[in-house]
Amino acid sequence: MTTRYLLAPILALAVACSANPSPSTGRMRPGDLIAIQQGARGSSVRSTVVSEASVRSHMEFLASDALNGRGSGTREEWMAAEYIAAQFSAWGLEPLGDEGGFVQKIALAGYEATGPPVVEAGELRFTHGRDILAGNVGRPTISGQLVKYAGEESVPMGSVVLLPPGEPARQVTGAVLVIAEAGERDREQWTTRAARLPRVSTEITEFVADPLPRATIILSTTETHAALGALIDRAEVTLRTPVAEPTRSYTWNVVASLTGSHERSADDVIVLSAHIDHIGICAEEGDTICNGADDNASGTVAVMELARAMASGPRPRRTIVFALFGSEERGGHGASHFVQLPVIPLESIIADIQFEMIGRPDEAVEPGELWLTGFERSDLGPTLAERGARLVADPHPEQNFFQRSDNFRFAREGIVAHTVSSFGLHEDYHRPSDEIRLIDFAHMTAAIQSMLEPIRGLANDEFRPEWAPDGRPR
């Protein structure tokens, strides 16, 4: 018996539940059906609605303890992928995965640090535990030219960025390595963190030139920071981490298509995407499971419900691809695989709309509103908002969310790509407390419904999103 069929009872039950999402009483609960929205540009009101009961049924599986937090590249991530594939099959979508199926299996090379990382810059050597602290390292070797950061929105791609003294560590667009001076709290924890070797990210084995979606961030002592600051601009800086021979592992994507109905417009593709995985087992005692209900079972379910709704009505003129990515939490490997080894021509993709953390409302915006990362970078967000999407600009620009999700992979290829979210910076992020009991299902259901008709409108007309001047990341 193959492993696929070991999941048959679970997947069959899941499909049955999604096909008949009403409670066993046969009665709809208040809020199960959100009001149907008027289609864009005068189109008639449709019968497709997003059911809160259906949203709950998917969430209760994907964010359950049974999946152990869907850790990147784990068996539970694979189980989640097979579950989603079963839904896509039941809804009549077209498979774009391996061997005529919906799932892509992606081989990864994993590394384990065998010694402390070292920063090298000319004659200078700075060692983890003494001069620097490295927590998670993107690659065994990371090199680039030094840029002394002065508040730019982005730096040349592949740079090593030295943040100003006292500035908190954060991502910088274009950087492969960011060096920040350790703050007071970091210094208090220095001895404990110095005793641990960093985790080194995995790499996809099919190709080598995998651009990092996020920079590796390291902390430095005040003395080390000053020594690096004394270097000339564009000095070559390298972070080397000794590692053991790589071990092979896998991650999984789920990819499906709804081919457009119009002979010419069908060549245009809209990608609706989210990441499946979370961080899995994340504590040694107490509640050890980081369930990832908001991050990112909520975004996964949004794509699933939009797929179900789109498949249940007339085919749109343009083609829609539904893509659920694995291992976002460990370096964006699923999305990177999709972009670098595409199952559809990248030049055919007119937009990618990513969904991430929509399970709770954000108090920084008005009730019912969602925000779009990089809203001002293109005309996609404003156009969807004109058509009824309750999208506003990201109220947390200091968090650099635009490049912290899988949309950034697409954006780096020139594709207009943004992330829809309502993450209010809650304290349950990447903690065991990100559980289904804290999901606001009325908000989440309404959020998904609010995007349906604007996306359907985008799939049925001639509008092509474009980057604003200087909006495309370089």
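This is a predicted model: local features need pLDDT of at least 70, side-chain atom pairs count only at pLDDT 80 or more; totals for chains, interfaces and linings use all residues.
Me: How many residues does α4 have, and what does it span?

Reply: The expected span of a helix is 1.5 Å times one less than its number of residues. Helix α4 covers residues 75-90, which is 16 residues. From first C-alpha to last it reaches 23 Å, close to the 22 Å expected.

Me: Is α4 mostly covered or mostly open?

Reply: Buried means under 20% relative accessible area, exposed over 50%, and partly exposed in between (1.4 Å probe, protein chains only). In α4, 13 of the 16 residues are buried, so by this definition the helix is mostly covered.

Me: Which residues touch the most other members of the largest nonpolar core?

Reply: In soluble globular proteins, nonpolar side chains tend to be buried together. A nonpolar core is a set of buried Ala, Val, Leu, Ile, Met, Phe, Trp, Tyr and Cys residues joined through side-chain atoms within 4.5 Å. The largest one has 84 residues, and F88, V254, F322 and F338 touch the most other members. Helix α8 (residues 293-312) gives the most to this core, with 10 residues. A second, separate core of 21 residues includes I142, V160, V176 and I179.

Me: What does V254 touch?

Reply: Contact means heavy atoms within 4.5 Å. Leaving out residues up to four places away in sequence, V254 touches, among others, A81, I84, A85, F88 and F322.

Me: Which strands pair with β13?

Reply: Two strands pair if DSSP finds at least two bridges between them. Strand β1 (residues 94-95) joins β13 (residues 247-258) through 2 bridges, antiparallel. There, E94 stands opposite S257. Strand β2 (residues 103-112) joins β13 through 8 bridges, also antiparallel. Strand β17 (residues 319-325) pairs with β13 in the antiparallel sense over 5 bridges, and A256 stands opposite F322.

Me: Where does Q171 lie, and is Q171 buried or exposed?

Reply: Q171 lies in the loop between β8 (154-162) and β9 (173-181). Q171 is buried, with a relative accessible area of 13%. The backbone nitrogen of A215 lies 2.7 Å from a polar atom of the Q171 side chain.

Conventions
Residues are numbered from 1 along each chain as its sequence is written. Side-chain values use heavy atoms; hydrogens and water are left out. Helices (H or I, at least four residues) and strands (E, at least two) are DSSP runs, numbered from the N terminus. A polar contact is a pair of N or O atoms within 3.5 Å; within protein, one must be able to donate a hydrogen and the other to accept it, and residues adjacent in sequence count only if both atoms are side-chain atoms.
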